[in-house]
Amino acid sequence: MRTLLKLLSDGEFHSGEDLGNALGISRSAVWKKLQLLEAETGLEIHKVRGRGYRLASPLFMLDQQRLRDSQGDAFWSIYVHDTIDSTNAEAMRLVAQGEALPLLVLAEQQNAGRGRRGRKWVSPFAENLYYSLALRIEGGMRQLEGLSLLVGLAVVKMLREMGVNGAGLKWPNDILVGRRKLAGVLLELTGDPADVCHVVIGIGINVNMRTSEEVDQSWTSMALEAGVNLDRNQVAARLSADLRDYLTAHREKGFSAFQEEWELNHLWQNQPVTLLAGSTAIEGVVIGVDAVGALRLKVGDQVSTFSGGELSLRLRAQPEQ
């Protein structure tokens, strides 16, 4: 199946005969495989008499060897899957099996991808980046403070380097362009956070997605913002390089060294917001974050701090002057 996808990935027409010769099967067998491919991946394949078959748009398939070669001296173990339940779940399984760390799990498609608070993360085949990095964390809670916010900074840096100039942050771990979501971060821990633990950094980025009927919020993608489809291998390699730099500095300095940089990249800085905590709604103005990444909110005349995975921020309309 992957060989067939690679043959079609250029988006050009390929005759059934050529595809059959490349795969060592008959033309009728090619047609059956193409039908199976459509069913399993959701990809649209065009058939034109006299010209052959082509994908509705070109694909940039993930290439495990290219990703390994792009690491320099990092030596992360890299696992690439065609379809998987969730890259975070697979990274957790590999950690439990005692695989060498750091390790990176990527997939062409997820069928049970998750965002914050258990929400579904829409994961069409070979369009976006589904990226999970597993790390061993020693040194207690200080090494975890503000970690998801720091990962957001690395994502924004990569996006801007690749032409998405309007990318910015929304506390705690969304990456937006304007009010449209482009990427998200989900951290999951196992072990003792006060001693030695493992963390899986899950990052989902809309790379080449241009249409979706499943996403239930305003969204955008790198392709929509940059005007061209991008090589997902380049996106993953650039993200890994930026993430390594930020993680190294975070280990040495903690999140407080990035507090000002994070606030400068926060799209909702000094904006009136509603903070939702379960059934409680708190209205205030975003002041920034503290040295461990908690949200600082001016509520009336007081400044309060808030943190926790169940919190959600909503922008409030400003009153007309």
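1. Contact here means heavy atoms within 4.5 Å. Helices (DSSP runs of H or I, at least four residues) and strands (runs of E, at least two) are numbered from the N terminus. Keep in mind that this is a predicted model: local features need pLDDT of at least 70, side-chain atom pairs count only at pLDDT 80 or more, and totals for chains, interfaces and linings use all residues. Residues are numbered from 1 along each chain as its sequence is written, and side-chain values use heavy atoms, with hydrogens and water left out.

2. Which residues of α3 are buried? They are Val30, Leu34, Leu37 and Thr41. Seen down the helix axis, the buried residues of α3 fall within an arc of 60°, so they line one face. That arc is taken from the directions from the helix axis to the C-beta atoms. Buried means under 20% relative accessible area, exposed over 50%, and partly exposed in between, using a 1.4 Å probe and protein chains only. On the face turned away from the buried side, α3 carries the exposed residues Lys32 and Ala39.

3. Just after α3, Gly42 takes a positive phi of about 80°.

4. Take a closer look at Thr41, which is found in α3 (residues 27-41). Thr41 counts as buried because its relative accessibility is 9%. A polar atom of the Thr41 side chain lies 2.7 Å from the backbone oxygen of Leu37, and a polar atom of that side chain lies 3.1 Å from the backbone nitrogen of Leu43. For polar contacts, the pair must be N or O atoms within 3.5 Å; within protein, one must be able to donate a hydrogen and the other to accept it, and residues adjacent in sequence count only if both atoms are side-chain atoms. Leaving aside neighbours within four places in sequence, Thr41 is in contact with Gln109 and Phe125.

5. Helix α2 has its own buried set: Gly16, Leu19 and Gly20. These residues cover an arc of only 100° around the axis, which puts them on the same side of α2. What covers them includes α1, α3 and β2. After α2 comes Gly24, with a positive phi near 75°.

6. On to strand β2, where Leu55 is found. At 1% relative accessibility, Leu55 counts as buried. Leaving aside neighbours within four places in sequence, Leu55 is in contact with Leu8, Ser9, Gly11, Leu43, Glu44 and Ile45. The C-alpha atoms of Leu55 and Leu5 are 9.0 Å apart, although 50 residues separate the two along the chain.

7. How many aromatic pairs does a search of the whole structure find? Two. Trp31 and Tyr53 form a stacked pair, 6.1 Å centre to centre with 20° between the planes. This pair links distant parts of the chain, with Trp31 in α3 and Tyr53 in β2, 22 residues apart. Trp31 is partly exposed at 33% relative accessible area, whereas Tyr53 counts as buried at 9% relative accessibility. Tyr246 and Phe258 form a tilted pair, 5.6 Å centre to centre with 45° between the planes. Rings of Phe, Tyr and Trp (its six-membered ring) pair if their centres lie within 6.5 Å; planes under 30 degrees apart count as stacked, over 60 as edge-to-face and the rest as tilted.

8. Finally, the nonpolar cores, meaning sets of buried Ala, Val, Leu, Ile, Met, Phe, Trp, Tyr and Cys residues joined through side-chain atoms within 4.5 Å. The largest has 61 residues, of which Leu129, Tyr131, Leu159, Ile205 and Met222 touch the most other members. Helix α6 (residues 147-161) gives the most to this core, with 10 residues. Apart from it lies another core, of 15 residues, among them Leu8, Val30, Ile45 and Met61. As for α6, this helix is mostly covered, with 12 of its 15 residues buried.
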